[in-house]
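Visitor: I have a structure open and would like to learn how to read its features one by one. Could you walk me through them?

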Amino acid sequence: MAEMDTSSGGGHKKGPGVKKAKKLSTRVDLTPMVDLGFLLLTFFVFTTTMSQSTAMNMNEPKDDPNSQMKVKNSGAMTILLGKGNQVYYYYGQLMPETISQDFKSTTFKGIRELIAAKKNATPIDDLMYIIKSDEKSTFKNAIDILDEMTISAVPPGHYAEVDMTDVEKMLIKTTEQANGIQ
Amino acid sequence: MPKVKIPRKSTNIDMTAMCDVAFLLLSFFILATKQKPPEVLAVKTPTSVSSTAAPEKSILITLTKDGKVFLMLGDETKKNAIIDDFNTTRGLQLTGPELARLKKSEYIGMPVNKLKSVLNMQQEVPANLMEGIPTDSSNNELAYWFRSITNAYKGEDQRKLQEMILVKGDGEALYPIFKNVKQALKANEIFKFRIVTEGETVPVGSELYKTGKTEKK
């Protein structure tokens with residue numbers, strides 16, 4: 001009877017001395033692929049910035065000349081923002097006699113302590129921070145000082161943004177000239 | 001004595017599982033990362049300790065470094081109504097195709113008197129060549145835009161509108177521009193709005209840090 005040749009090897013009959021065709025393994029070395037995978041993974045993880053935009057609330061007062069707020073001199077601290085990230089401040093009201101001593105300058109690093117010190121030294125009802133921004137101060141300064149208020153946990157309603165007076169503008173100008181701020 | 005044969009184990013490990021994990025994580029991170037929308041107006045926002053996330057849908061006022069003001073109307077449902085209202089209230093007499101083009105544009109950054117000519121240009125004007133919306137006190141066109149916006153949202157929840165108004169400014173933009181923007185909002189009885197900032201950790205030792213809570217409003 002005829003028989004089908006089912007053996008592999010191109011029709012050769014298996015016999016002594018005939019070499020068996022080597023079976024190739026189907027296993028692939030996955031190590032480089034794993035390497036590549038993790039490399040890409042680390043790359044993407046590191047390059048992704050996890051920055052999420054946050055939103056800061058702003059409440060503006062109504063411009064109403066009839067409801068001017070009265071501020072106690074003892075509880076007021078005026079913070080002025082100038083150019084070159086400079087901060088100027090004074091307590092209460094500027095008196096012509098002692099103007100040079102009262103009007104002081106600092107930076108954003110120093111203002112935090114001053115805000116906190118004023119807050120601790122003043123009864124909360126009298127406390128008022130008056131923020132005035134110069135024409136040359138930046139948006140960042142305006143946000144930073146409001147942020148400082150939040151950081152120092154000054155309750156809302158105890159700080160306000162007010163326009164700068166001419167005397168203050170002049171004072172800032174002279175101080176800037178004296179300190180050589182461009 | 002017969003030797004005890006310790007079977008030699010192969011040092012080859014099956015890498016398939018590890019490979020699977022690596023690529024699974026890789027694909028997860030790539031898909032989970034939200035692609036930043038291409039920013040036409042490069043703005044580096046200041047930082048704040050605020051922790052509330054900025055809303056997705058917004059009416060965004062952008063202040064660029066060189067002091068230009070742009071307006072982006074992110075609420076698609078109202079965008080057409082706002083632009084139509086602006087067209088009629090300001091008497092721009094824009095034609096149909098011009099209006100369609102304005103509605104299609106991502107942001108508005110042109111003074112009213114130049115709007116028509118810009119819309120008729122063949123090519124789109126790149127953002128850095130746009131003039132921005134004038135905001136000076138004599139001609140605060142942003143205020144007109146906001147009048148149209150408030151008109152469009154009339155009779156709806158005003159709180160929702162307030163939550164949508166965002167001001168995004170470059171840290172180096174000068175203060176007077178921000179003040180003008182505030183004036184434009186105030187002129188339309190908008191007293192509450194939000195400022196887009198980059199998150200920042202609360203400084204250790206500060207009052208806010210001690211109370212152990214970040215701003216919750």
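Guide: Gladly, and keep in mind that this is a predicted model. Let's begin with a strand pairing: E4(B) and strand E5 (residues 192-199) of chain B run parallel, joined by two bridges. Across that pairing, Val167(B) stands opposite Ile195(B) of E5(B). Between the two strands the chain passes through helix H7 (residues 175-187) of chain B, and this β-α-β crossover is right-handed.

Visitor: Which strand pairs with E4(B) over five bridges, and in what sense?

Guide: That is strand E2 (residues 59-63) of chain B, and the pairing is parallel. To find your place in it, look for Ile59(B), whose bridge partner in E4(B) is Ile165(B).

Visitor: Is E4(B) mostly covered or mostly open?

Guide: Mostly covered: the strand spans residues 165-169, and five of its five residues are buried. Now read the side-chain directions. Ile165(B), Val167(B) and Gly169(B) point one way, Leu166(B) and Lys168(B) point the other way, and all are buried. Notice that Lys168(B) is among those buried residues.

Visitor: Next, helices. How should I describe two that pack together?

Guide: Two packed helices are described by the angle between their axes and by the distance between those axes. In chain B, helix H5 (residues 141-152) packs with H7(B) at an angle of about 35 degrees, and their axes are 8 Å apart. The crossing of H5(B) with H7(B) is right-handed.

Visitor: Which residues meet where H5(B) packs on H7(B)?

Guide: From H5(B) come Leu142(B), Ala143(B) and Phe146(B), and from H7(B) come Val181(B), Ala184(B), Leu185(B) and Ala187(B). By class, this contact has seven nonpolar, no polar and no charged residues.

Visitor: What would a helix pair in chain A show me?

Guide: The crossing of H3(A) and H4(A) is right-handed. Phe108(A), Ile111(A), Arg112(A) and Ile115(A) of H3(A) make the contact with Asp144(A), Glu148(A) and Ile151(A) of H4(A). The residues of this contact divide into four nonpolar, no polar and three charged.

Visitor: Could we step back to chain A as a whole?

Guide: Of course. Chain A has five helices and six strands, and along the sequence they follow the pattern α-β-β-β-α-β-α-β-α-β-α. Of its 182 residues, 26% count as buried. Among contacts in chain A with a separation of 6 or more, 62% involve residues 24 or more positions apart.

Visitor: How many residues are in contact between chain A and chain B?

Guide: Here 41 residues of chain A are in contact with 49 residues of chain B. On the chain A side, the elements giving two or more residues are helix H1 (31-47), strand E1 (53-59), H3 and H4. That side divides into 17 nonpolar, 15 polar and nine charged residues. Strands pair between the chains too: E1(A) and E5(B) are antiparallel over seven bridges. One place to look is Asn57(A), with Arg194(B) as its bridge partner in E5(B).

Visitor: And what should I look for in backbone angles?

Guide: Most residues other than glycine have a negative phi. Asn85(A) is not a glycine, yet its phi is positive, about 55 degrees. Asn85(A) sits in the loop between strand E2 (76-81) and strand E3 (86-91) of chain A. Another case is Ala153(A), with a positive phi near 55 degrees, in the loop between H4 and strand E6 (159-161) of chain A.

Visitor: Why does Ala153(A) count as partly exposed?

Guide: Because it has 17 C-beta neighbours inside 10 Å, while a buried residue needs 20 or more and an exposed one has 12 or fewer. Asn85(A), with 15 other C-beta atoms within 10 Å, is also partly exposed.

Visitor: Which residue could show me an exposed case?

Guide: Val162(A), which counts as exposed because it has 11 C-beta neighbours inside 10 Å. Val162(A) lies in the loop between E6 and helix H5 (166-179) of chain A. Leaving aside neighbours within four places in sequence, Val162(A) is in contact with Ile130(A) and Lys132(A). Val162(A) and Thr78(A) are 84 residues apart in sequence, and their C-alpha atoms are 9.7 Å apart in space.

Note on methods
Residues are numbered from 1 along each chain as its sequence is written. Chains are lettered from A and ligands numbered from 1 in the order in which they are written. This is a predicted model: local features need pLDDT of at least 70, side-chain atom pairs count only at pLDDT 80 or more; totals for chains, interfaces and linings use all residues. Helices (H or I, at least four residues) and strands (E, at least two) are DSSP runs, numbered from the N terminus. Two strands pair if DSSP finds at least two bridges between them. A crossover is right-handed if, with the strands pointing away from the viewer, the path from the first strand over the helix to the second runs clockwise. A crossing is left-handed if the near helix is turned anticlockwise from the far one by less than a right angle, and right-handed if clockwise. Two residues are in contact if their C-beta atoms, placed from the backbone, lie within 7 Å. Ala, Val, Leu, Ile, Met, Phe, Trp, Tyr, Cys and Pro count as nonpolar, Asp, Glu, Lys and Arg as charged, and the others, Gly among them, as polar. Axes are lines fitted to C-alpha atoms, for helices over the stretch in contact, and angles run from 0 to 180 degrees between N-to-C directions.
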